[in-house]
Amino acid sequence: MLVVDGLTCRFGAKAAVDNASFEIAPGGFVGVIGRSGAGKSTLLRAINRLVTPSQGQIMFDGVDVTALRGRELRQWRARSAMIFQQFNLVGRLDVLTNVLMGRLAAMPAWRSLSQVWPEQDCALAMSALEQFDMASLAAQRADQLSGGQQQRVAIARALVQQPDIILADEPIASLDPRNTKIVMDALLRINKHFGITVLCNLHSLDLARTYCDRLIGMSAGRVVFDGAPSALTEHIARELYDLEANEVMGGTPMPVPEGIPALGTAAAA
Amino acid sequence: MSRRPHIEPEELRKRYPQVFDPPITSRLATPAMLAAALAILVFGLVDLDFSVSRLINGVGQLGWISLMMLPPDPGSSLPIYLKALGETLSIALLGTTLAAVFALPVSLLAARNVIPSAIFRFPVRRFLDSIRGVDTLIWALVWINVVGLGPFAGVLAIAVADFGAFGKLFSEAIEGADQKQVEGIRASGGSALHEIRFGLMPQVLPVIAGQVLYFIESNTRSATIIGIVGAGGIGLQLAEQIRVLEWQKVSFLILMILVAVAAIDWISGKLRFAIIGQRAVA
């Protein structure tokens, strides 16, 4: 059980996350939605402790995550696996080594630093790659893969961390529609098969409704919505995105302008 | 009917005046800079006694020396010269390697993304700056007085002088590394050491290797120069032969140096491509 209580993250005078509170039960697939700059990223990064919260508390199974230091902090980071929009793989390392990075917190430093990986960890990494059809590329350099392949490697890295929760920060924002589906399906599979909680930032409402069983809506750092996708009314969506709701919901298509506007008039319109 | 957009120059001129009528200052900037540069050049030539007549008189001498150099001939000293060339190459290789080995850990301490605190970083940077402020030749003169004449002083001179240079270059390479890759390691539960080993080093090592290879090449020339002041190697032979006006031997020595530098250039080019190539590094 993840409990976020009064979490505030300030950068200078601006509060990126402002007094956010919610609880997430194990096994859920929770989407965090909202505009760019609403604080979704900072929220996830604060849970992984890449960002230090200014105020408030994050508890996981009774452990105060905000107070962890040193070795315990690193082990928490392994337990709360991050997946990034830009994948954050090490480009010049091969795919297998990238996945093995997920085991760093679980082995003595001399082993990892001298790259004497335990056979069991290698097997774990290869089986994770196999699940996403990436095992044949294990010896390739990560920066030679396509975006979709890199994100699958990143998911494999997250999986071998044997996490309790996966924090996915806009995992599909750099991907094309086909890879979007592959990556979101992979996250869903991890969630359903292994029972790992997934907390996923998305800016597409359609995707959020398709995959998530609960949505948390953020606006200007605050949690403004928390409930089932079906409870997200047009009115709330409009407030979240500061737009006409049908543009967000993909309901009625945009009206086609009559005739073709003359060059130069489009900007003025 | 034309499909081209209709253009009204007068309208556009009115809307974007700075494009069509740039202010006089920006139009004069380039000619003014050129005039200033020319003035500095003329002043420098006058101040440093640049004299065409002396140059013309000297050209005859230069031609005479060039004629004396032909054909290049080592006489009976070829084995000595080869040994001296080997010594020079060893000075360059050893000195550069030592400099790189010691500079790598120090450069981490000078990099903003490894040591965020300016208070700790500042003294390291100034330390590297002051070492770098003294040229290899000066270091050679210093070390000759400390450890005596010979190649050992040459190795130390290159190692110390390039330690300063490498420290700066490496730390800049480290600062230019992509932080997202490092963040990936941190978010997976890696320690600071892991972040350096797996996040930074794979990105930085190819750059560093390229710099070290280039320095080995350029230090082959430096090692020749410091040889002249007594730090061993082929420079010593060169200075000797110039002093006794054995121009055929001088030209032979110069050719030997040229061939050696070209060979190192070729080898380091091959190595550099092998290192920055497609293979995964760890």
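Start by selecting helix H1 of chain A, where the buried residues are Lys40(A), Ser41(A), Thr42(A), Leu43(A), Leu44(A), Arg45(A), Ala46(A) and Ile47(A). Buried here means 20 or more other C-beta atoms within 10 Å of the residue's own, exposed means 12 or fewer, and partly exposed is in between, with C-beta atoms placed from the backbone. H1 spans residues 40–47 of chain A and is mostly covered, with 8 of its 8 residues buried. Helices (H or I, at least four residues) and strands (E, at least two) are DSSP runs, numbered from the N terminus. Step just past the end of H1(A) and you land on Arg49(A), which has a positive phi of about 70 degrees.

A word on what you have open: this is a predicted model, in which local features need pLDDT of at least 70 and side-chain atom pairs count only at pLDDT 80 or more, while totals for chains, interfaces and linings use all residues. Residues are numbered from 1 along each chain as its sequence is written, and chains are lettered from A and ligands numbered from 1 in the order in which they are written.

**Chain A at a glance**

Colour chain A by secondary structure and you'll get 11 helices and 10 strands. Of its 269 residues, 42% are buried. Two residues are in contact if their C-beta atoms, placed from the backbone, lie within 7 Å. Among contacts in chain A with a separation of 6 or more, 67% are between residues 24 or more positions apart.

**The sheet**

Next, pick out the open sheet of chain A: 4 strands in the order E2-E1-E4-E5, with antiparallel pairing. At its edges sit strand E2 (14–24) and strand E5 (63–64) of chain A, each pairing on one side only. Strands count as paired if DSSP finds at least two bridges between them. Now zoom in on strand E1 (residues 2–11) and strand E4 (residues 55–60) of chain A, which run antiparallel and are joined by 5 bridges. For a landmark, find Asp5(A), which stands opposite Gln57(A) in E4(A).

**Loop stop: Leu93(A)**

Go to the loop between E6 and H3 of chain A and select Leu93(A). Leu93(A) counts as buried because it has 25 C-beta neighbours inside 10 Å. Draw a distance from Leu93(A) to Ile83(A): the two are 10 residues apart in sequence and 18 Å apart in space, C-alpha to C-alpha.

**Loop stop: Asp133(A)**

Asp133(A) is in the loop between H5 and H6 of chain A. Its phi is positive, near 55 degrees, and the residue is not a glycine. Most residues other than glycine have a negative phi. With 12 other C-beta atoms within 10 Å, Asp133(A) is exposed.

**Helix H6 of chain A**

Carry on to helix H6 (residues 147–160) of chain A, whose 14 residues should span 20 Å at 1.5 Å a residue; the end C-alpha atoms are 20 Å apart, which agrees. The expected span is 1.5 Å times one less than the number of residues. Because 12 of the 14 residues are buried, H6(A) is largely enclosed by the rest of the structure. Among the buried ones are Gln149(A), Arg152(A), Ile155(A) and Leu159(A). To see what covers the buried residues, show elements including strand E6 (80–83), helix H3 (95–100), helix H5 (119–131), strand E7 (165–168) and helix H7 (177–194) of chain A. Just after H6(A), Gln162(A) has a positive phi of about 45 degrees.

**Across to chain B**

Show both chains together: 23 residues of chain B are in contact with 29 residues of chain A. On the side of chain B that touches chain A, helix H9 (179–187) and helix H10 (192–231) of chain B each supply at least two residues. That side divides into 9 nonpolar, 10 polar and 4 charged residues. Ala, Val, Leu, Ile, Met, Phe, Trp, Tyr, Cys and Pro count as nonpolar, Asp, Glu, Lys and Arg as charged, and the others, Gly among them, as polar.

Chain B has 12 helices and 0 strands. It is divided into domain 1 (9–68) and domain 2 (78–281), with bounds from an automatic or database domain assignment. The centres of these two domains of chain B, taken over C-alpha atoms, are 36 Å apart. Of the 282 residues of chain B, 34% count as buried.

**Last stop: Asp49(B)**

Finish in the loop between helix H3 (24–47) and helix H4 (52–69) of chain B, where you'll find Asp49(B). Asp49(B) has a positive phi of about 55 degrees although it is not a glycine. Asp49(B) counts as exposed, with 7 C-beta neighbours inside 10 Å.
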